[in-house]
Structure formats: C-alpha cells, structure tokens
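Student: I would like to learn how to read a few features of a protein model. Please take them one at a time.

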Amino acid sequence: MVNSFNRSLKRLFDICAACLGLVVLSPVLLILVVLVRRSSPGGALFLQERVGRSEVPFVCIKFRTMAAGSPNVGSHDAASSWITPLGRKLRAYKLDELPQLINVLRGEMSFVGPRPCLPSQHDVIVARRKLKVFSVRPGITGLAQLQGIDMSTPEALADADARYIQKAGFWQDIVLVLSTLAGRGTGDAAAK
C-alpha cells in the first residue's frame with residue numbers, strides 16, 4: 001500500500017507538474033481550443049461527471065473529440081462515427097487529456113492512477129469497490145490503460161488497478177508517465 005511519504009511526494013509532484021504543464025503548454029491549449037471550435041459545431045471542452053476518490057463524483061475536463069450531441073457513454077461504447085476528424089488526432093496523441101491538468105491541480109485527479117469511470121458504469125464501480133480501488137485519486141494515465149485494459153472488462157480492469165495500488169510508488173509513477181508520453185497504451189479506445 002501507498003505510505004504517507006509516497007502520497008505526499010505524489011501530490012507534490014502532481015501540483016508542480018500540473019502548474020508547469022499549464023504554463024508551458026498554455027499556447028498549445030489555446031491553439032487546440034480554437035481548432036476544436038472551428039472543426040465542428042460545439043464548445044472546445046467536454047465536461048463529464050466521473051467517479052473519483054472515495055466514490056465522490058467530480059467533473060472531468062477534456063477537449064471535445066466527438067460531435068456535439070453524441071451520447072454520454074464510456075469510450076469503449078462510443079461509435080467511431082461519432083468522433084470528429086480532429087478528435088481522432090487528439091485521441092491518437094492523447095492531447096484531449098491535457099485539460100485534465102486542471103483536475104490534477106484541483107486535487108480531483110493525479111497524473112497516475114485508475115482511469116475515472118462514469119457513474120453509469122455500475123459493473124466497473126462494483127468490481128473496483130470490492131478491491132478498494134476508490135481509495136486513491138483517479139489518474140490521467142494508469143497501469144490498466146498502458147496494458148490495453150479498458151472498462152469493457154470490469155474485473156480485469158479492477159485487478160490491474162488494485163495491482164497498481166499495491167505497488168504504487170513515486171518512481172513507478174514516473175515510469176508510467178514516461179510510457180504514456182512514449183505512446184504506449186490503448187485502454188479506453190472507442191469502438192470501431
């Protein structure tokens with residue numbers, strides 16, 4: 001389990017890296033806001049309720065990658081036809097996740113942890129509850145995502161999340177962040 005020193009170090013890293021990321025990436029974020037708004041009707045940001053630490057709901061912030069009016073479903077249940085051409089590129093390079101730096105700064109998320117599920121994903125919630133996955137903040141990236149496990153397999157997902165929590169440490173998180181930046185991981189992919 002994660003000890004208090006690791007938790008404090010993780011939170012300090014999250015705050016510093018999120019602040020730095022928001023400052024350094026602010027020109028990119030502004031350009032993406034303009035591109036998303038121009039590419040299809042609707043706003044640039046997609047706000048969606050997710051289940052956070054201790055099962056407390058929060059609003060997850062992402063760039064909009066689907067056409068306005070698309071159903072509010074998990075990524076693995078999203079039809080490929082709902083995703084905009086620009087949205088495909090944003091997802092491919094994980095740029096749609098950049099606004100979640102705000103969630104990290106607010107303490108709703110961490111850089112690394114179990115990906116937050118929707119309140120409607122009852123099977124995922126039940127499987128995670130059994131393994132105490134909600135004891136940690138959800139993450140922008142996580143072990144399950146890097147292993148290609150998405151929310152369509154709740155038990156496998158919860159098991160991977162629980163394995164991450166058991167071994168969680170600062171250096172493991174750094175490795176997972178670097179792996180994500182290197183392009184690994186296919187979890188939560190939209191349906192074909």
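Student: Is Cys16 buried, partly exposed or exposed?

Tutor: First, the ground rules. This is a predicted model, in which local features need pLDDT of at least 70, side-chain atom pairs count only at pLDDT 80 or more, and totals for chains, interfaces and linings use all residues. Residues are numbered from 1 along each chain as its sequence is written, and side-chain values use heavy atoms, with hydrogens and water left out. Buried means under 20% relative accessible area, exposed over 50%, and partly exposed in between, with a 1.4 Å probe and protein chains only. Cys16 has a relative accessible area of 46%, so it is partly exposed.

Student: How many disulfides are there?

Tutor: A disulfide is a pair of cysteine sulfur atoms within 2.5 Å. By this rule the count is zero. For Cys16, the nearest cysteine sulfur belongs to Cys19 and is 7.0 Å away. For Cys60, the nearest is that of Cys117, 11 Å away. Cys60 is buried, with a relative accessible area of 1%.

Student: Which residues have the most contacts inside the largest nonpolar core?

Tutor: In soluble globular proteins, nonpolar side chains tend to be buried together. A nonpolar core is a set of buried Ala, Val, Leu, Ile, Met, Phe, Trp, Tyr and Cys residues joined through side-chain atoms within 4.5 Å. Here the largest core has 18 residues, and those with the most contacts inside it are Val104, Met109, Phe111, Val112, Ile140, Tyr164 and Leu176. A second, separate core of ten residues includes Val51, Ile125, Ile149 and Leu157.

Student: What is Val112 in contact with, leaving aside its neighbours within four places in sequence?

Tutor: Contact means heavy atoms within 4.5 Å. On that basis, the partners of Val112 beyond those neighbours include Lys10, Gly139, Tyr164, Asp173 and Leu176.

Student: How much space lies in the largest cavity, and which residues line it?

Tutor: On a 1 Å grid over the protein atoms alone, a cavity is a set of points where a 1.4 Å probe fits but cannot get out, and lining residues have an atom within 4 Å of a point. Points are joined across faces, edges and corners, and a volume is the space filled by probe spheres set on them. Two cavities of 30 Å³ or more are counted. The largest holds about 50 Å³, and its lining includes Val51, Arg53, Pro114, Arg128 and Phe134.

Definitions and conventions. 1 Å grid on protein atoms, 1.4 Å probe; cavity = no way out; pocket = protein on both sides within 12 Å on 5 of 7 lines; lining within 4 Å.
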